[in-house]
Amino acid sequence: MTTGVKLIRSPGLAPVEYAYAAVADGPVQALWVAGACPLDADGATVAVGDVAGQTHQVMRNLATALADAGASLTDVVKTTVYVASSDRADLVAAWRVYREHMAAHDVPSTLLGVAALGYPDQLVEVEAVALIAAPR
């Protein structure tokens with residue numbers, strides 16, 4: 001199922017690792033995904049102290065939530081990546097893993113260092129907006 005997501009490059013802006021905008025050809029339904037967290041199936045935080053390890057789990061959980069709603073990572077039109085750190089190296093580590101999972105689908109995204117996240121020992125969270133084909 002494809003929504004015809006078109007990523008917009010802005011040649012007048014600085015070159016970056018993501019599209020500056022995304023447009024979808026209709027008819028589509030919007031899907032807002034709660035922040036995916038680095039939790040296992042039992043609700044325990046995985047990879048304590050490991051930004052990259054937590055990001056892998058976050059992205060697997062995001063893909064699962066999307067699939068349960070009838071979507072995939074290629075249906076995502078916008079993400080926000082939160083990293084509980086003020087160290088840019090941690091933000092870069094999370095971003096690299098995030099990009100690995102998103103592959104060529106480099107949607108508009110915001111990467112933020114934050115003071116804390118909701119679960120014990122949580123370092124990473126990714127929320128997403130996706131579009132899925134509207135039922136006919």
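Predicted model: local features only at pLDDT ≥ 70, side-chain atom pairs only at ≥ 80, totals over all residues.
Modeller: Residues are numbered from 1 along each chain as its sequence is written, and side-chain values use heavy atoms, without hydrogens or water.

Biologist: In what order do the elements of the chain run from the N terminus?

Modeller: Helices (H or I, at least four residues) and strands (E, at least two) are DSSP runs, numbered from the N terminus. The chain has 2 helices and 6 strands. Their order is β-β-β-α-β-α-β-β.

Biologist: What is the radius of gyration of the chain?

Modeller: This quantity is taken over C-alpha atoms, and the globule rule is 2.2 Å times the number of residues to the power 0.38. For 136 residues the rule gives 14 Å, and the chain is close to that, so it is as compact as a globular protein of that length; its radius of gyration is 15 Å.

Biologist: What share of the contacts with a separation of 6 or more joins residues 24 or more positions apart?

Modeller: Contact means heavy atoms within 4.5 Å. Among contacts in the chain with a separation of 6 or more, the share from residues 24 or more positions apart is 73%.

Biologist: Is Ala104 buried or exposed?

Modeller: Ala104 lies in the loop between α2 (88–102) and β5 (109–113). Buried means under 20% relative accessible area, exposed over 50%, and partly exposed in between, with a 1.4 Å probe and protein chains only. Because its relative accessibility is 71%, Ala104 counts as exposed.

Biologist: How far apart in space are Ala104 and Glu17?

Modeller: In sequence, Ala104 and Glu17 are 87 residues apart. From C-alpha to C-alpha, their separation in space is 9.9 Å.

Biologist: Which residues is His101 in contact with, leaving aside its neighbours within four places in sequence?

Modeller: His101 belongs to helix α2. With a relative accessible area of 24%, His101 is partly exposed. Beyond those sequence neighbours, the residues in contact with His101 are His56, Met59, Arg60 and Leu73.

Biologist: What is the length of the polar contact between the side chains of His101 and His56?

Modeller: A polar contact is a pair of N or O atoms within 3.5 Å; within protein, one must be able to donate a hydrogen and the other to accept it, and residues adjacent in sequence count only if both atoms are side-chain atoms. For the side chains of His101 and His56, the polar contact is 2.9 Å.
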